Amino acid sequence: MATRLASILSTACGPASTPAQLLHRALPSFRHRRACPSPSRMSSSADSLAPPATAAAGGDKPTAAPYGSWRSPITADVVSGADRRLGGIALAGDGRLLWIEGRPEEKGRMVIVKEEDEPVDVIPQEFAARTLAQEYGGGAFAVDKSVVVFSNYKDQRLYKQAIGNGSPPVPLTPDYGAPDVSYSDGVFDPHFSRYVTVVEDRRKNSLNPTTTIAAINLSGDHTCEPKELISGNDFYAFPRIDQNKKRMAWIEWSHPNMPWDKSELWVGHFSESGDLTKRVCVAGGNPLLVESPTEPKWSPKGELFFVTDRGSGFWNIYKWVEQTNEIVPVYALDAEFTRPLWVFGISSYDFLGNSNHIIFSYRQQGRSYLGVLDCDSGSVSLLDIPFSDLSNVVAADDYFYIEGASANIPLSIAKVSLNESKTKVANFSIIWSSSPDATQYKTFFSTPEFVEFPTSQPGQNAYAYFYPPSNPNFQGLPDEKPPLLVKTHGGPTAETRAILDLSVQYWTSRGWAYVDVNYGGSTGYGREYRERLLEKWGIVDVDDCCSCARFLVESGKVDGQRLCITGRSAGGYTTLASLAFRDTFKAGASMYGIGDLTLLRAETHKFESHYTDNLVGNERAYYERSPINFVNQFTCPVILFQGLEDNVVPPDQAHKIYNALKERGLPVALVEYEGEQHGFRKAENIKFTLEQQMVFFARLVGNFEVADNITPIKIENFD
């Protein structure tokens, strides 16, 4: 690879280009070496384009400069180095929190960390807590008292690790010679000395692995084969064991459904030998009632609670009355009390110690709310904390930990203590932040505006968050409106949220307007909104993104001649489809996006192998909505970014789009990353992707020169 890159760089400025020169693999050794841009299109002294960031200090009037050209301290280095990921939270026996954090500076390594006066790493440097189950993972660890069981990324085996005594992790599962068996969503079994977990076995068929729930013995000193407890269905999740009785609840579903389409909640009793007997389907088994139960949990009293969307179409909390086999609502609201099961280990509510109080959060009209439910009286107390966006929660007696964020607080974990009656917040403190240094840039932050805009369907609206340009040192020229970058989220059954994201502020602090669209099909607004996309993927999402852009143009907020679009994964598909089938946008950037729906269906992993059938429909629709089949309709520049180890959207997709657009004569560039999968985790690649998008749009659409010293990659049919 190094030899090939050296060859590309040494000839990139010559009169002729070979095919090898047109394919750029972005490695750290390449990022810092300047190509030879056309002098007419790229300034040789970018540092002279804008005054320093202190120009407006001391009350000076902001400098008028073209939108997009503003200098900002929120650099790509800041963005790539600041954003740590969260991979789950759990309580140790001493009441302290454990969490998994992903570190870009360690090439995305997922590390289990324990809350102390100074947080400490639980697992050694050579280990990483990440599972590949269902490709997206999640639920990679669990803790009981002072013992952690986790899935190790490199070999996918389960390991047992004592916290704090310095002993190394001990393997629990066999070494199969390759990382072909993954474990996720596990729990400790209080009735037997074992660990119960979802198992995905890819040894016989990597595209159609078998999934089971199995038990791993914890009492011996040797590894042993998992003991199968449940099998026969396509998918399983949430094995949850009653602390009072020998029984377990779980969720299962089958093709062609996704877990948010239709699933089933089951309960089974353990025999004296630990096998499951007397199984009963609690919810989801009625063919006349479409629902998707999820997140089962046993209360301290041994009652089964769960979340489902029966009736109203909104995910609410329910309880199973075992004596009468009834399902009763615990708290009914036109709001979403959970999110789609893309990853294992979701925990949207929890019980406060041994009391009958539930701490929960829900989403309604674009923001989160936090509350405590007294299950005995039915009373609900909403809690006031600085977060406007909430996700996972774990609780102790009179306090809990919750993942959250807001428009000016990055993704964080907070410890929240309650008063004696458990109705008000007594203390709130952030113990972990994904971007602990982000607040130093707060004067540059753009505050998102919740936007409801009309779609192409009469009487039907969709939603977005609009971020106007914001920089205390600059203002736009009086006769100019800012360029707009439209972000299309992935999934597509997912939701974008109005939280502090430095990758967004990177754009807005340089003078771009930015809009994050929750097109029809997004979650957070109930089943009816979610199902707008069924058999209409590539239509509804595309129309809504175009409608949102036009709405902002008509509102006078942005420049209609400088509309760009970007997206990752499914959002990359919406980006490519918008460019192929509409003429709204002037340029686009696709990150591991889908260009060929038929190829996606043939090559994607088991979890999503029928997902596209639900979203697309028949064979004709597959053809007609695949951008690769209509490259003759592309009319504007495109840049593509792709991980070479991506098993969700294989690299062939990007290759086909790139080659087709190159042959058509459109400006196009392709960046590929070795060692990256579906989503970029390495800091150097995150940085490179962000910078190359910025300079690509600036050169081809923006009519401005960026203030950052960025070496642009070669653009085919342009340089």
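1. The protein chain is divided into domain 1 (349-436) and domain 2 (453-701), with bounds that come from an automatic or database domain assignment. This is a predicted model, in which local features need pLDDT of at least 70 and side-chain atom pairs count only at pLDDT 80 or more, while totals for chains, interfaces and linings use all residues. Residues are numbered from 1 along each chain as its sequence is written, and side-chain values use heavy atoms, with hydrogens and water left out.

2. Taken over C-alpha atoms, the centres of domain 1 and domain 2 are 33 Å apart. To the contact (heavy atoms within 4.5 Å), domain 1 contributes 14 residues and domain 2 contributes ten residues.

3. Between them, domain 1 and domain 2 bury about 860 Å², of which 48% is on carbon and sulfur atoms; buried area here is the accessible area (1.4 Å probe) that two parts lose on being put together, summed over both.

4. Two salt bridges are counted between domain 1 and domain 2, a salt bridge being a side-chain nitrogen of Lys or Arg within 4 Å of a carboxyl oxygen of Asp or Glu. Arg-363 forms a salt bridge with Glu-495, and their closest N and O atoms lie 2.8 Å apart.

5. A search of the whole structure finds zero disulfides, defined as pairs of cysteine sulfur atoms within 2.5 Å. Cys-281 has 24% relative accessibility and therefore counts as partly exposed, and Cys-375, at 21%, also counts as partly exposed, given that buried means under 20% relative accessible area, exposed over 50%, and partly exposed in between (1.4 Å probe, protein chains only).
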